[in-house]
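This report goes through one protein structure by topic. Please look at the sequence and the 3D view before reading on.

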Amino acid sequence: MTQRIRTATVRRALFAAFLLTIAIFSAVAVPPSEAAPAGSCTYYSDASKTVVVGRYGYDCCNNYIAQGIKTSYYTCGGCFICYPPPPQ
């Protein structure tokens, strides 16, 4: 009976260690996001934010967008609409 208790305890300890190892590797192995959604900004000509004069950041296909000029009137967040490149 003592042998059964020891074997069961060892198995439980090994299983717990296995689960802990999986949890640690899962937390560490999460790949970072390539595009920063909050970093995509649209710039406007004035405070009314009706005329777009620039866009800087990433589209949803993770392509870098740099168009127009940067002003002090802007909104950031999300990603720009992704258009496929023209055929060559």
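## Basis of the report

A residue is called buried under 20% relative accessible area, exposed over 50%, and partly exposed in between, using a 1.4 Å probe and protein chains only. This is a predicted model, in which local features need pLDDT of at least 70 and side-chain atom pairs count only at pLDDT 80 or more, while totals for chains, interfaces and linings use all residues. Residues are numbered from 1 along each chain as its sequence is written, and side-chain values use heavy atoms, with hydrogens and water left out.

Helices (H or I, at least four residues) and strands (E, at least two) are DSSP runs numbered from the N terminus. Strand 1 covers residues 41-44 and is covered on both faces: C41 and Y43 on one side, and T42 and Y44 on the other, are all buried.

Strands count as paired if DSSP finds at least two bridges between them. Strand 1 runs antiparallel to strand 2 (residues 52-58), with four bridges joining them, and T42 stands opposite R55 in strand 2. Strand 1 also pairs with strand 4 (residues 74-76), again antiparallel, over three bridges. There, C41 stands opposite C76.

## Three disulfides

A disulfide is a pair of cysteine sulfur atoms within 2.5 Å, and the structure holds three. One joins C41 to C76, with an S to S distance of 1.8 Å. This pair links strand 1 with strand 4, the two cysteines being 35 residues apart. C41 is buried at 8% relative accessible area, whereas C76 is partly exposed at 40%.

C60 and C79 form another, with sulfur atoms 1.8 Å apart. C60 lies in the loop between strand 2 and strand 3 (64-68) and C79 in the segment after strand 4, so the pair ties together parts 19 residues apart in sequence. The torsion about this S-S bond is about 75 degrees, so the disulfide of C60 and C79 is right-handed.

The sulfur atoms of C61 and C82 are 1.7 Å apart in their disulfide. C61 is in the loop between strand 2 and strand 3, and C82 is in the segment after strand 4, 21 residues away. The link of C61 and C82 is left-handed, with -105 degrees about the S-S bond. C61 is partly exposed, at 44% relative accessibility, and C82 is also partly exposed, at 24%.

How are the bonded cysteines paired when numbered in sequence order? The pairing is 1-4, 2-5, 3-6.
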